[in-house]
Amino acid sequence: MKNNRPIFHYDKETGCSTCIIETKYGKFSGTACCHPDDMDMASEKVGCEIAYSRAAIDSLKYERDNVIKPSLKALKQLYYSMNRSKKFNPKSYEYKMLKRQIECWEFDLAVINDMIDTERTWIRDYINTKEALYQNIRANRNNGQN
């Protein structure tokens with residue numbers, strides 16, 4: 001069995017972190033580089049956390065675009081083909097199962113889109129919180145020197 005732990009790499013010189021995660025759909029990577037103005041506050045843990053979230057977003061987008069959407073499209077195409085037939089029976093078992101599967105895939109699509117949005121929001125909020133903290137620390141340092 002494969003080791004599914006993320007692989008992290010941090011370059012102290014550049015302040016860049018890289019994360020590689022492996023899923024059943026392949027390997028996905030995310031990176032985070034410290035802004036040059038923030039090199040005095042560069043942190044391996046912060047960079048790796050952001051890189052991990054970006055890799056997770058890439059894996060979710062891959063699953064959405066290459067698994068969920070094509071499956072949903074195929075089921076909907078089958079539904080529209082059946083729906084146009086003269087022999088279409090909306091009470092048949094096949095129709096009910098098809099509709100149920102379409103609803104399941106639509107739910108999966110909504111959930112994965114929500115997960116992607118949540119991850120993006122988390123990254124944005126995390127970076128903004130860290131920036132505010134760093135500004136506060138710098139202000140306190142400057143006050144201590146005066």
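Helices here are DSSP runs of H or I with at least four residues, numbered from the N terminus. Helix H2 is one such run, covering residues 93–145, and Ala 110 has its place in it. Keep in mind that this is a predicted model.

Start with the sheet. Strands of a sheet pair through backbone hydrogen bonds, either parallel or antiparallel. In this structure, 3 strands form an open sheet in the order E1-E2-E3, and the pairing is antiparallel. Strand E1 (7–11) and strand E3 (26–33) stand at the edges. Each has a single partner strand, so one side of each is left without a neighbour in the sheet. On average, neighbouring strands of this sheet are turned by 15° against each other, direction ignored.

Look at one pair in detail. Strand E2 spans residues 16–23 and pairs with E3 over 8 bridges, in the antiparallel sense.

Now move to the helices. Helix H1 covers residues 44–83 and lies across E1, E2 and E3. Helix H1 runs at about 140° to E3.

Return to Ala 110 in helix H2. Ala 110 and Arg 64 are 46 residues apart in sequence, and their C-alpha atoms are 9.7 Å apart in space. Arg 64 counts as buried because its relative accessibility is 16%. The side chain of Arg 64 meets that of Asp 65 in a salt bridge, 2.8 Å from N to O. Asp 65, at 34% relative accessibility, counts as partly exposed.

Helix H2 also holds Phe 107. At 55% relative accessibility, Phe 107 counts as exposed. Together, Phe 107, Val 111 and Met 115 make a nonpolar surface patch of about 280 Å².

Finally, turn to the charged side chains. The structure holds 6 salt bridges. In one of them, Arg 138 joins Asp 38, with the closest N and O atoms 2.9 Å apart. This pair links distant parts of the chain: Arg 138 is in helix H2, Asp 38 is in the loop between E3 and H1, and 100 residues separate them. Arg 138 is buried at 15% relative accessibility. Asp 38 is buried too, with a relative accessible area of 13%.

Arg 138 also forms a salt bridge with Asp 40, the closest N and O atoms being 2.8 Å apart. Asp 40 sits in the loop between E3 and H1, 98 residues from Arg 138. With a relative accessible area of 42%, Asp 40 is partly exposed. A network of salt bridges links Asp 38, Asp 40, Arg 138 and Arg 141.

Conventions: Residues numbered from 1 in each chain as written. Predicted model: local features only at pLDDT ≥ 70, side-chain atom pairs only at ≥ 80, totals over all residues. Heavy atoms only, no water. Pairing = 2+ DSSP bridges. Helix = DSSP H or I, 4+ residues; strand = E, 2+ residues; numbered from the N terminus. Axes fitted to C-alpha atoms, helices over the stretch in contact; angles between N-to-C directions. Contact = heavy atoms within 4.5 Å. Patch = residues over 30% accessible without salt bridge, like charges linked within 9 Å, V, L, I, M, F, W, Y side chains within 5 Å. Areas by Shrake-Rupley, 256 points an atom, 1.4 Å probe, with all protein chains shown as cover. Salt bridge = Lys/Arg side-chain N within 4 Å of Asp/Glu carboxyl O. Buried < 20%, exposed > 50% of the residue type's maximum accessible area, 1.4 Å probe, protein only.
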